[in-house]
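This report looks at how parts of a two-chain model pack together. Please keep the sequence and the structure in view while reading.

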Amino acid sequence: MNLDDFEQRLRRQPLRPVPPAWRDAILDSSQPSTLEPRPSPLTPRPWWTEWLWPSPVAWAGLAATWVVILALNYAAAPPLSAGGPRFAGSINGYVLFSRLAEEPQFDLLSETPTAPPAAERPRRTNPGPRSDARRRILSA
Amino acid sequence: MAASELERLYDEHASALFAILLNFTRDEADTRDLLQEIFRRLATRPDLLAGVRDERAFLLRLAHNLAVDWVRRRDTRARAVDRLATESEGLFAAAADPDDAVFRHELDAALAELPADQRMVVHLKLWEGLTFEVIGDVLDIPLNTAASRYRYGLDKLRTRLRPLYEEIR
């Protein structure tokens with residue numbers, strides 16, 4: 001392919017040379033005797049860094065949201081009283097209730113309510129039988 | 001690798017590697033890190049060049065692969081692609097003639113606006129003088145792809161620089 005004038009003009013533009021000071025610095029630090037096991041700038045970062053890195057602000061925001069949610073949840077829980085049940089608001093409340101239900105006094109379904117023993121009626125003295133009343137009337 | 005051999009490689013190829021790395025990354029600090037990495041690998045792995053027929057093409061390919069990996073990581077961190085047009089370190093030598101200085105400055109800016117794949121082909125074709133076949137080997141692309149990228153890239157440069165080129169011609 002023949003280069004036209006425009007291409008020739010471009011080709012004649014000299015590129016900037018590599019800075020002279022770089023030569024010794026690069027060659028000295030590239031010698032095997034001076035090489036240290038430093039991390040290369042091209043060394044892959046840990047997987048979790050690569051995973052988080054594209055949007056660190058979004059991940060930080062998500063983490064902050066969770067902290068706020070947990071804080072609000074903690075603040076909204078009813079305060080624990082000294083002698084009150086320690087399981088208030090706990091997700092294990094159902095389990096604890098089930099255990100209590102196994103106790104005899106909580107066996108509500110199987111227990112048949114029984115009437116309290118009837119109190120002994122006081123012996124009635126007055127008035128007497130109707131025959132007595134009739135005798136009293138006739139004798140009067 | 002012997003120190004003298006490493007010095008020879010540096011003296012023969014460092015300028016070309018510097019130029020293509022700078023044109024790719026558009027960042028002098030990144031370019032230095034990558035150049036350092038190339039020579040660190042050469043020093044620690046003397047067998048890297050064993051059996052290589054074209055040292056320059058091999059090193060250009062190594063530089064390109066490292067730069068692609070480097071920019072991919074940098075883009076992930078900082079979306080640095082958007083900064084290409086504003087972070088150019090100046091690819092060309094300073095010019096005494098004002099017209100040349102303006103043209104080089106505009107050419108540098110126009111190159112920065114090209115997609116990296118077109119920019120690499122244009123660079124290798126114009127300033128390394130490689131054939132499309134060798135460019136294809138260096139960039140690991142088919143010959144026809146290299147040619148079409150060069151054509152697209154050159155057309156963009158021509159369109160961008162035509163007014164200035166006609167003026168100072």
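A nonpolar core is a set of buried Ala, Val, Leu, Ile, Met, Phe, Trp, Tyr and Cys residues joined through C-beta atoms within 7 Å, where buried means that 20 or more other C-beta atoms, placed from the backbone, lie within 10 Å of a residue's own. The model is predicted, and local features need pLDDT of at least 70, side-chain atom pairs count only at pLDDT 80 or more, while totals for chains, interfaces and linings use all residues. Residues are numbered from 1 along each chain as its sequence is written, and chains are lettered from A and ligands numbered from 1 in the order in which they are written.

The largest nonpolar core has 49 residues, and Leu17(B), Leu21(B) and Leu35(B) are among those with the most contacts inside it. H1(B) gives the most to this core, with 10 residues; helices here are DSSP runs (H or I) of at least four residues, numbered from the N terminus. Domain 1 (1-89) and domain 2 (91-169) of chain B both supply residues, so the core lies between them; the domain bounds come from an automatic or database assignment.

The axes of two helices of chain B, fitted to C-alpha atoms over the stretch in contact, with angles from 0 to 180 degrees between N-to-C directions, come within 9 Å and cross at roughly 145°.

| Helix | Residues |
|---|---|
| H1(B) | 3-25 |
| H2(B) | 28-44 |

Leaving aside neighbours within four places in sequence, Leu35(B) is in contact (C-beta atoms, placed from the backbone, within 7 Å) with Ile26(A), Ala14(B), Leu17(B), Phe18(B) and Leu21(B). Between the chains, 25 residues of chain A are in contact with 33 residues of chain B, and the largest share of the chain A side, six residues, comes from H2(A).

Key
Buried ≥ 20, exposed ≤ 12 C-beta atoms within 10 Å, placed from the backbone. Contact = placed C-beta atoms within 7 Å.
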